[in-house]
Amino acid sequence: MKRITAYFLAICSLVVFVFAGCENSQNVLPQDPTLLISDTDPSDQSDPESEPSSSENSSDSSTGVESGDSDVPVEEPPKKKDEPKYVEFFREKAVHTLSIEIKSADWEAICEDPLKKDYHPADITIDGKTISQCGFKTHGNSTLQAAIDREVTLFPFKIKFDKYTDEKFLGLDELVLCNNILDNSYARQYAGYEAFHAIGKDAPYCTFFSVYINGERFGLYAGVEDVDSSYLKRVFGNKKNNLYKMNNSATLMSNMPSWAVSQKKGEDTSKSDLKLLVKALKEMPLGEKGNIEEILDVDSALAYLAVGAVIHHCDGYAGYSANNYCLYFDGNVFHMIPWDMDLCFYQTGWGFLPSKGSRMDIKDGLTDTATLSERPLVQKLLAVDEYYATYLEYCKQTAKWLGEFSESGVDELYSLLDETVKKDPKNNYYVFKGEYNSSELKSFAGYIKDRAAYLEKRIPEIYQEKGIDY
């Protein structure tokens, strides 16, 4: 009877997760071997004003990757510009104050239909600096649905500072406010992006905000630099080329469904560049480079896979849903950009069911229940000896950071966030405090400690198994 009850509870957890927080979670892909991609996004992952205004030719959106596809124009990517002022703001380890003043009627409209995700004008004040007439709306999918299901207004939000004017916040155009409703540590987003910065790789910046709406305290949010114009100019020096947000089932296989790709930037909506990437990946001989370097910045992909493997990003490309990344075409090649890190550092996997989490091997690059045949970017890249050596080196560097983060960084985060969470009636302080108990394996701190210890032993073993000098 106990075993039956356990199975029943596990199934219930799975069903709740799927319906409450994992839109488009069905990973059964169509059998038609065509690249079904369009610039529409039913889940509103991207902003309407960021979408190209011209409609896509229907024949382009449903044709496969053939040799007759138009060539992608090649141009020299501009060099990076000096860092904007907002980078220094994000790098400061602090809990900032963010106040939102919005008309009562607009706020009521948001609360009545949060899934509508319409922009409303609002005045935003950050640490005393006010920017008037910003665009303010709900954002996200699983975390938004979780707030709706719990009947709370603790929604995730997006702020577009220059929606109605030309003013930005220290050069930043868009800020995503993550509600941490699925993360009792409030720190997984921050730590996930920090892992990339720690090994010198480009990724969005993240910091913390104590959020108020019309004077009411809403709690501790993680604020993330959105992958949009400001990010593109900061990292690549331009914002004019194609940017794609990759949603559930964005496998980069030729039968990838249309809703797996949202085009956020770029005038060319034919997606001929993305088709060339899928084609090159499909035709890449196992164990050989093929033509992949002509269309993909392989280093960015290897770093994405390595960091994701080390921190067990089960909700990324190499995990169960093949999502949560962006692709930017700089004029020559695609760059892989990490996104949505709130489900990393977890001792659980798909549907929040128990997994081997901190002891999950990094050898094959997968982070959860996916198979190599379903993730060609992992399968093909890591089959090349040179690429695998680079992947393993990034794993080594990330694991080194993880060990240092476990020794001091986790405690620093706890000290930084403790008073804010304690004072906030919307937060469960005791649950938060438990996440920083390093003796509890399922906690944020406990997971990181055990993961660091496991990888310290495992990574040298993989080097030896592969015959690579450590």
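Which are the buried residues of H6?

Reply: The model is a predicted one, in which local features need pLDDT of at least 70 and side-chain atom pairs count only at pLDDT 80 or more, while totals for chains, interfaces and linings use all residues. Residues are numbered from 1 along each chain as its sequence is written, and side-chain values use heavy atoms, with hydrogens and water left out.

The buried residues of H6 are Arg188, Gln189, Tyr190, Ala191, Gly192, Tyr193, Ala195 and Phe196, where buried means under 20% relative accessible area with a 1.4 Å probe and protein chains only. Helix H6 spans residues 188-198, and because eight of its eleven residues are buried, this helix is largely enclosed by the rest of the structure. Helices here are DSSP runs of H or I with at least four residues, and strands are runs of E with at least two, numbered from the N terminus.

Just after H6, Gly200 adopts a positive phi of about 80°. Further along, strand E6 (residues 206-213) pairs with strand E7 (residues 216-225) in the antiparallel sense over eight bridges, pairing requiring at least two bridges found by DSSP between two strands. Ile213 stands opposite Glu216 in E7. Helix H11 (residues 385-423) packs on the sheet and touches strand E1 (95-102), E6 and E7, contact meaning heavy atoms within 4.5 Å. The direction of H11 makes about 150° with that of E7, with axes fitted to C-alpha atoms, for helices over the stretch in contact, and angles running from 0 to 180 degrees between N-to-C directions. Both E6 and E7 belong to a barrel of seven strands, closed in the order E1-E2-E3-E4-E5-E7-E6 with mixed pairing.

Technical notes: Buried means under 20% relative accessible area, exposed over 50%, partly exposed in between (1.4 Å probe, protein chains only).
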